[in-house]
Amino acid sequence: DFDHVFEALLNTSVDLDSLEPDSVLEERWIKEVVTRSGMKFRWAKLSESRERPNRDVHRRPPADPSCLKPRPPVVTIMGHVDHGKTTLLDSLRKTQVVTTEAGGITQHIGAFRVQLPTGETITFLDTPGHAAFSSMRARGANATDIVVLVVAADDGVMNQTVESIEHARRAKVPVIVAVNKCDKPQADPQRVKQELLAHDIVCEEFGGDVQAIHVSALKGDNLLALAEATVALAEVLELKAEPSGPVEGVIIESRTDKGKGLVTTAIIQQGTLRRGSVLVAGQSWAKVRFLFDENGRVVTEAGPSAAVEVVGWKELPSAGEVILEVESEQRAREVVEWRSYEEEQQKLQEEQSAIERKQKEHQEEYRKERAGLNHLSWRQRKSALYRANKNKFAVRPSERTQRDEPSLPLIVKGDVDGSVDAILNILDSYDAQQQCQLEVVHFGIGDVSENDINMAATFAGSIYGFNVGASRPIQQLAARHGVPLRLHNVIYKLIDELKDELSAKLPPLV
Ligand code: GDP
């Protein structure tokens, strides 16, 4: 029972800082005590005390250059809608030697390889458009080495062409231009290259270093030249990776397959993936049971720049997540557990700062209201405050105003205008010099009402009444809400009690 614990805690002079959550004293209780007693919220501190050692896994440091081997480029196709990205991917897929070997049907797994007659390979990511590209980059998992920018020769540079250029530039990925639809009579490749100049894409014939290949995706014309240009650029880029050591990669697709279960497609970036490897990605892990290539064939291993389907995930990680190999299942569980714990902490912290922000806003708003009321007569203040406070009921008690400085929210009731006015005047003069903020959240004439109690409960305040009463049901309501009712017939006694309550709120003198 929380109330019980709360009372007990408040009656002992424990240092809230030193409270440690354990099986008896749950964290939420401590949180509640800290909140209720108006102390600064110390959630961050509490979680710190039970923090686990960070046993996350990370990418490996750059390898010794002597261990690095050249690797094929990974290419993304981008460009304006209808300029022929999908058609180009389809034609490229058809040209690949690998497929014809097995006579298999190419399946969509998110990427495929094209092999040149000279033996070099290129991995094409087959989700065109920049949505996938930027979502991957947002996770810091850039899988692309080269962007093939498709521009239709009959249409020229359009806004998504420009966006694609910007994406590539921001990711520092070099571009090859595929001037497409060159089979069309109205095609004007020259104009395309001219227009690209305005966006700092300077093709070779203008003295720049960007290769532009005239193709027809539909007819399959000049695709080999495009592939050769890609391989040539990859050589310039000196793309390398270490085929040994722990695997690193990136997930480009992730799905549930009827037969295979949870499947992801990964681009391998370092190391060589094999059956039995243990992987983590985001908050999931896998013991690799099977690897498939884009033709649905089982492969025994996948080295740098290869795209493979990985089967064996316990849960499905998302596209864009980084894959890292760990030494054991035990280690994988540890990493995943740490990551979900960390995410939870992050969420808590965000929630907490959102609440604090909101509280600050309320405080500010309220102070402004009060400041604006000083020049008014108390009658005017009364109606203004009343109007202002009506909205305050929207504030849930858990988000109740909490301050760094101690504060005492008050509700003042009196028998006549004169007495309320006198009390407010005394409070005003007190307020100016003290460390404890007095907040008169509501005041008025007449016996204590249900509205007064609700107001006090909302603000965690006390009710002070001069020459007024409270009916039994009202007293019971106050008790239920834990609202102190302080009713007096002698004004200096009322002030004395108020002073006592204020000093109790002040931090103890050291
Ligand atoms: P995406 O939106 O960039 O993926 O464009 P699509 O590949 O869907 O192509 C849009 C339209 O242009 C389709 O009707 C294609 O048949 C057509 N198209 C694509 N490439 C060529 C080409 O090289 N020549 C001609 N004549 N039409 C093409």
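1. Basis. The model is predicted; local features need pLDDT of at least 70, side-chain atom pairs count only at pLDDT 80 or more, and totals for chains, interfaces and linings use all residues. Residues are numbered from 1 along each chain as its sequence is written, and side-chain values use heavy atoms, with hydrogens and water left out.

2. Ligand shell. The ligand is surrounded by 15 residues, and the closest are D82, K85, T86, T87 and D183. A residue is counted here if one of its heavy atoms lies within 4 Å of the molecule. Sorted by class, the shell has 7 polar, 5 charged and 3 nonpolar residues. In this sorting Asp, Glu, Lys and Arg are charged; Ala, Val, Leu, Ile, Met, Phe, Trp, Tyr, Cys and Pro are nonpolar; the others, Gly among them, are polar. Helix α4 (residues 85-95) gives the largest share of the shell, 3 residues. Helices (H or I, at least four residues) and strands (E, at least two) are DSSP runs, numbered from the N terminus.

3. Nonpolar core. Which residues have the most contacts inside the largest nonpolar core? They are I77, L88, L92, F124, V148 and L226, in a core of 26 residues. Such a core is a set of buried Ala, Val, Leu, Ile, Met, Phe, Trp, Tyr and Cys residues joined through side-chain atoms within 4.5 Å. Two or more residues come from each of β2 (74-79), α4, β3 (111-115), β4 (121-125), β5 (146-152), β6 (175-180) and α9. The largest share, 7 residues, is that of α9.

4. D452 lies in helix α13 (residues 450-459). D452 counts as buried because its relative accessibility is 1%; buried means under 20% relative accessible area, exposed over 50%, and partly exposed in between (1.4 Å probe, protein chains only). The side chains of D452 and K413 are joined by a polar contact of 2.5 Å. R71 sits in the loop between β1 (69-70) and β2. R71 is also buried, at 18% relative accessibility, and a polar contact of 3.0 Å links its side chain to that of S305.

5. Cysteines. How many disulfides does the model have? The count is 0, taking a disulfide as a pair of cysteine sulfur atoms within 2.5 Å. C67 has a relative accessible area of 31%, so it is partly exposed. C182 is partly exposed at 26%.

6. N54 and D64 are both in the loop between α3 (43-49) and β1. N54 is partly exposed at 48% relative accessibility, and its C-alpha atom is 9.8 Å from that of E334, 280 residues apart along the chain. D64, at 45%, is partly exposed; its C-alpha atom is separated by 8.9 Å from that of E242, 178 residues apart along the chain. D209 is in the loop between α8 and β7 and is exposed, with a relative accessible area of 68%.

7. Positive phi. Most residues other than glycine have a negative phi. D200 has a positive phi, near 65°, and is found in the loop between α8 (189-197) and β7 (212-214). With 58% relative accessibility, D200 is exposed. E238 has a positive phi of about 50° and is placed in the loop between α9 (223-237) and β8 (240-241). E238 is exposed at 57% relative accessibility.

Notes:
Polar contact = N/O pair within 3.5 Å; in protein donor to acceptor, adjacent residues only side chain to side chain.
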